[in-house]
2 protein chains.
Amino acid sequence: MNHPDFVRLKKLVEDNLEAFIPDVDDKSHTLREAMAYSLLSGGKRLRPVLLLATAELCGCDARLALPYASAVEFIHTYSLIHDDLPAMDDDELRRGKPTNHMVFGEAAAILAGDGLLTAAFEAMTRDVLLYFEDPTEIRRRFRVIHELAKAAGCQKMLAGQIADLESEGKVCSQEMLEYIYINKTAALITAAVRSGAWLGLADTKTLEALTVYGESFGLAFQIVDDLLDVRGDASITGKISGRDKHQNKSTFVAQYGEAAAEERIRELTDRSLAALASFDDKGDFLRYVAKTMMHRIM
Amino acid sequence: MNHPDFVRLKKLVEDNLEAFIPDVDDKSHTLREAMAYSLLSGGKRLRPVLLLATAELCGCDARLALPYASAVEFIHTYSLIHDDLPAMDDDELRRGKPTNHMVFGEAAAILAGDGLLTAAFEAMTRDVLLYFEDPTEIRRRFRVIHELAKAAGCQKMLAGQIADLESEGKVCSQEMLEYIYINKTAALITAAVRSGAWLGLADTKTLEALTVYGESFGLAFQIVDDLLDVRGDASITGKISGRDKHQNKSTFVAQYGEAAAEERIRELTDRSLAALASFDDKGDFLRYVAKTMMHRIM
């Protein structure tokens with residue numbers, strides 16, 4: 001991801017991310033340290049970059065979208081911290097560094113996750129207060145808060161996570177596998193893309209096109225992740241390779257093989273590109289992101 | 001708590017609480033079951049009742065306040081589920097029933113807590129969408145969302161929880177103990193009381209009076225909880241008695257004794273009643289709640 005827009009938007013995210021963690025009292029500094037540790041330990045920043053990119057695409061200044069881009073990264077990071085816990089995936093390494101509970105202990109890691117999820121809503125609602133006199137400004141921000149609450153909730157991200165947990169050691173139908181991937185991974189990516197559109201006051205047609213892009217790209221993204229896990233290049237994933245197999249995870253690759261996974265990724269990438277057909281060169285960055293993702297594994 | 005208003009408002013909460021858990025797919029029904037299990041396993045419903053009571057006091061129909069009352073109970077329940085986890089307080093019993101992780105396992109309990117916290121924001125933001133054409137209606141609801149996000153966050157409730165965890169086995173200063181109690185317990189109670197006031201478009205003076213009431217009553221409430229734990233009447237607490245001592249918790253009672261705790265509760269109750277001085281008989285229900293709490297231990 002060395003496209004100049006990716007580099008520029010990622011820098012904008014990273015320069016501003018920490019400022020959205022609320023300041024805390026000395027008496028609870030461990031909580032803030034644990035939150036900041038995972039938030040600031042790298043990562044592609046894919047979701048917030050996509051939010052800023054679609055905001056710009058729809059005519060909203062990326063700087064104005066920062067509280068929402070940060071919120072989506074907070075939600076993503078909280079989900080990783082809780083996923084890595086011993087009771088869940090029991091992972092010791094994430095992005096090449098010890099996972100949150102390895103550093104701060106399980107209790108603090110649980111609270112750090114809770115803190116980041118809540119801080120996402122604090123950051124967004126604090127931003128709305130700045131525009132409290134202007135109904136249009138409130139409404140477009142408000143749409144994003146609702147969008148992210150739904151995507152992170154028990155109908156989407158958490159639904160995918162519980163289904164994923166319960167499918168360990170079982171053979172899943174393709175329908176079940178895609179249900180897990182769509183909810184666990186694609187839902188938040190789709191919400192990020194739609195959030196930028198809400199902030200840019202996009203019309204229904206644009207919102208629908210970006211939704212198809214997000215869903216297709218998000219699903220492809222998770223299958224790529226599976227492939228990288230199998231192929232075992234820890235320098236790319238930053239995780240211990242082969243974890244999925246070790247954890248008895250049902251993955252697309254394990255069930256259908258690498259060739260079928262590659263084929264499905266290609267199909268989904270084509271679908272995400274087709275969704276952008278009505279955009280002119282303003283859609284080039286989103287095209288680049290989808291194609292680059294596909295090229296990671298080919 | 002057999003005051004007719006308490007009975008009426010508690011029933012209103014309990015009749016509507018489950019409807020605010022989003023419906024889920026069959027594939028993730030365990031998550032919803034785990035969320036509903038803790039949400040519907042009793043409890044005083046103190047926080048939502050206080051929210052509805054202050055809403056009515058300030059002229060807002062209690063029925064309109066239900067999504068916010070439910071949200072505050074969702075947040076409270078999530079915090080209990082995570083608190084009870086083996087990595088935290090490791091409690092096996094809550095309200096006389098097995099704790100969430102004893103029934104559903106740790107992983108599902110973590111996700112159920114996450115689900116309830118997120119569902120609080122889903123319920124509130126969904127309600128706002130119903131009033132999307134009316135800026136005044138959006139704003140007063142929005143204040144509540146911001147209020148609850150702050151109260152549940154790393155400056156308040158979670159700050160109290162991390163400080164509580166870190167103080168286990170240590171002797172705390174009275175300042176530290178009150179910091180823990182104010183944040184861990186009183187913050188959400190205060191936010192509930194303030195939320196009703198926001199919904200009723202209360203003036204600054206009313207909001208300030210209710211804030212003092214909530215802070216004083218909330219702190220008294222936690223010290224009462226400590227006393228009940230020591231005195232060991234599990235039929236009142238629904239928990240295994242003496243847990244605080246077993247867990248090496250720093251409590252007000254353990255450090256200053258029962259007499260000092262009773263004295264502090266009396267002082268705080270007086271302070272909460274004094275805050276209601278400017279209310280006429282419309283403040284009687286809040287007076288009743290504060291006095292009844294004090295009488296539980298005397």
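## Views of a two-chain contact

**View 1. Where chain A meets chain B.** The contact takes 50 residues from chain A and 51 residues from chain B, as seen in this predicted model. On the side of chain A that touches chain B, five stretches each supply at least two residues: α2 (29–39), α6 (106–129), α7 (135–152), α8 (157–166) and α9 (174–199). Which of them gives the most to this side? That is α6(A), with 15 residues.

View 2. How are the two chains arranged relative to each other? Chain A can be laid on chain B by a turn of 180° and a shift of 0.0 Å along the axis, with an RMSD of 0.0 Å. The two copies are thus related as by a two-fold rotation axis. To find your way to this axis, look for A:P135: in chain A, its C-alpha is the nearest to the axis, at 2.9 Å. Both copies use the same surface for the contact, as 100% of the contact residues of chain A recur in chain B.

**View 3. A helix of chain A crossing a helix of chain B.** Here we zoom in on α7(A) and helix α6 (residues 106–129) of chain B, whose axes come within 9 Å and cross at roughly 140°. An angle over 145 degrees would count as roughly antiparallel; α7(A) and α6(B) are therefore oblique to each other. Is their crossing left-handed or right-handed? The crossing of α7(A) and α6(B) is left-handed.

**View 4. The residues at the crossing.** Now for the residues that make this contact. From α7(A) come A:F142, A:I145, A:H146, A:A149, A:K150 and A:A152. Their partners on α6(B) are B:T118, B:F121, B:E122, B:T125, B:R126, B:V128 and B:L129. Taken together, the residues of the contact of α7(A) with α6(B) are seven nonpolar, three polar and three charged.

**View 5. Stepping back to chain A.** What is the secondary structure of chain A made of? Chain A has 14 helices and two strands. Along its principal axes, the C-alpha trace of chain A spans about 55 × 55 × 35 Å. A compact globule with 298 residues would have a radius of gyration near 19 Å, and the 18 Å of chain A agrees with this.

Note on methods. Residues numbered from 1 in each chain as written. Chains lettered and ligands numbered in written order. Predicted model: local features only at pLDDT ≥ 70, side-chain atom pairs only at ≥ 80, totals over all residues. Contact = placed C-beta atoms within 7 Å. Helix = DSSP H or I, 4+ residues; strand = E, 2+ residues; numbered from the N terminus. Least-squares fit on C-alpha atoms with pLDDT ≥ 70 in both. Axes fitted to C-alpha atoms, helices over the stretch in contact; angles between N-to-C directions. Parallel < 35°, antiparallel > 145°, perpendicular 65-115°, else oblique. Left-handed = near helix turned anticlockwise from the far one by under 90°. Nonpolar A, V, L, I, M, F, W, Y, C, P; charged D, E, K, R; others polar. Rg over C-alpha atoms; globule rule 2.2 N^0.38 Å.
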